[in-house]
Amino acid sequence: MDNANPTVYAAASEQAGRSAEDLAMEADPNARDPIDSLEVFDLIRHIKDPEHPHTLEQLRVAQLQLISVDDSRSRVFVHFSPTIPHCSMATLIGLSIRVKLLRTLPTRFKIDVNITPGTHASEAAVNKQLNDKERVAAALENENLLSVVNKCLAGVDQHEQ
């Protein structure tokens, strides 16, 4: 285990910042649902860390301010910050974020997942892996790796209801 005693932070309220109008638009199946950074954060905040019984939000690996969305250009940019600079799970965490967004967001979106600059010793190499379609596809063909990703995502959907 890379970081045996990570700092754990309190999670924010479940539907922070959602207005009644936002929720009503999401209920209309015929409306084009604009996506914002809060919605993306809500999708990934409950992903479990592969080494700890905590969420990415609780470990501050995923943070609202590290997400940006350009809905008009169908682009999502997510930065995440591993808990330590030599985290061996960084690629797996990024892959879990990417898979969750690929499974959940409309297919029109191009998703970029990167390590927050300056927070990991192998930042460039991990970013290259996470944003290479062939490498991601190959990783997801590995049953063992896919099983670990699915464990990280287990239970995330119950928070979205």
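Why does Cys87 count as buried? Cys87 counts as buried because its relative accessibility is 7%, and buried means under 20% relative accessible area with a 1.4 Å probe, protein chains only. Cys152 also counts as buried, because it sits at 4%.

Quick word on what we're looking at: this is a predicted model, where local features need pLDDT of at least 70, side-chain atom pairs count only at pLDDT 80 or more, and totals for chains, interfaces and linings use all residues. Residues are numbered from 1 along each chain as its sequence is written, and side-chain values use heavy atoms, with hydrogens and water left out.

Okay, the overall picture. The protein chain has 161 residues, and 39% of them are buried. You get 6 helices and 3 strands, taken as DSSP runs (helices H or I, at least four residues; strands E, at least two). From the N terminus, the order goes α-α-β-β-α-β-α-α-α. As for disulfides (cysteine sulfur pairs within 2.5 Å), the structure holds 0.

Now, the second largest pocket. A pocket here is an open set of points on a 1 Å grid over the protein atoms alone, where a 1.4 Å probe fits, with protein on both sides within 12 Å along at least five of seven lines; lining residues have an atom within 4 Å of a point. Its lining includes Arg98, Phe109, Lys110 and Asp132. Which elements each supply at least two residues of that lining? Those are α3 (90-104), β3 (110-115) and α5 (133-141). By class, the lining has 5 nonpolar, 1 polar and 4 charged residues, with Asp, Glu, Lys and Arg counted as charged.

Note on methods: Buried means under 20% relative accessible area, exposed over 50%, partly exposed in between (1.4 Å probe, protein chains only).
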